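Here is a brief report on one chain. It starts with confidence, moves to overall form, and ends at a single residue.

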Amino acid sequence: MKQLTARGKTVDDAIQSALQQLRISKEKVEVTVIDEGSKGFLNLFGAKPAVVKVVVKTDNVQAAKDYLESVIRHLHPGTEVEITARKKKHVMFTLSGENLGMLIGKRGQTLNALEQLVEQFLHQQKAYHFTVTVDAEGYRSRRRETLEMLAVQAASKALALQKAIPLDPMPASERKIIHAAAQKQKDVETVSKGKEPNRYIVIQPVKEKSWQ
């Protein structure tokens, strides 16, 4: 964490001195006044300078990007990481480069693992409740289409057989897509079962209250 202690005739002067030395705007720092200073007798004797501590605010998203780059550097050198979407509590990183299949993995397992690593890093930075998406070669969009189709097919099968249809375990972000897609189908409901990382969804006819 970058910080600086600065002095000036007034608190404002001390702050401006620190900002100039750090070459940063006031919006990007936190200021603590250590001593407001004093003008002294008749502004001549016993004057004390104001003292402030200026700390540069941590950009958690940029820190997460740097962390992701350091991880990928060991896995697949030459891959670039770009922040392609940024909201209050969500960020998307998009990977670009050659032969990214190994970074995607089977059914996106490597991308999912990278997401978990970055979220854990953010939690360590006390950036709680942050969600992360890592994408490459448009995989997330294609995967969404596949999951939505899977939900429709499983719903149709559940109704045709009048039985519950369990799906394979998948991460929370993918289960959310399944839930949303299945809700658009009539006469079926979804239930999540199991514990992470093996939590899965069961799609079943509405009239069926339990599944063994």
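## Confidence

This is a predicted model. Among the elements of the chain, mean pLDDT is lowest in strand β1 (residues 3–8), at 89. It is highest in strand β7 (residues 165–166), at 97. For the chain, the mean pLDDT is 90. A pLDDT of 70 or more is reached by 94% of its residues.

Residues 208–212 have pLDDT below 50. Beyond near neighbours in sequence, this stretch has 11 contacts in the model. Where pLDDT is low, the predicted coordinates should not be read in detail.

## Overall form

The chain holds 6 helices and 9 strands. Its radius of gyration is 27 Å, well over the 17 Å that the globule rule gives for 212 residues, so the chain is more spread out than a compact globule. Along the principal axes, the C-alpha atoms fill a box of roughly 95 × 40 × 25 Å.

Of the 212 residues, 33% are buried. The chain exposes about 13,700 Å², and carbon and sulfur atoms supply 51% of that area. Take the contacts between residues at least 6 apart in sequence: 55% of them join residues at least 24 apart.

## Thr-79

Thr-79 sits in the loop between α2 (60–75) and β4 (80–86). Is this residue buried or exposed? Thr-79 has a relative accessible area of 14%, and the cut-off for buried is under 20%, so it counts as buried.

A polar atom of the Thr-79 side chain lies 2.9 Å from the backbone oxygen of His-76. Leaving aside neighbours within four places in sequence, Thr-79 is in contact with Ile-72, Leu-95, Ser-96, Leu-100 and Leu-103.

Key
Residues are numbered from 1 along each chain as its sequence is written. This is a predicted model: local features need pLDDT of at least 70, side-chain atom pairs count only at pLDDT 80 or more; totals for chains, interfaces and linings use all residues. Side-chain values use heavy atoms; hydrogens and water are left out. Helices (H or I, at least four residues) and strands (E, at least two) are DSSP runs, numbered from the N terminus. Buried means under 20% relative accessible area, exposed over 50%, partly exposed in between (1.4 Å probe, protein chains only). A polar contact is a pair of N or O atoms within 3.5 Å; within protein, one must be able to donate a hydrogen and the other to accept it, and residues adjacent in sequence count only if both atoms are side-chain atoms. Contact means heavy atoms within 4.5 Å. pLDDT is the predictor's confidence in each residue, from 0 to 100. The radius of gyration is taken over C-alpha atoms; the globule rule is 2.2 Å times the number of residues to the power 0.38. Accessible areas come from the Shrake-Rupley method with a 1.4 Å probe; for residues, only the protein chains shown count as cover.
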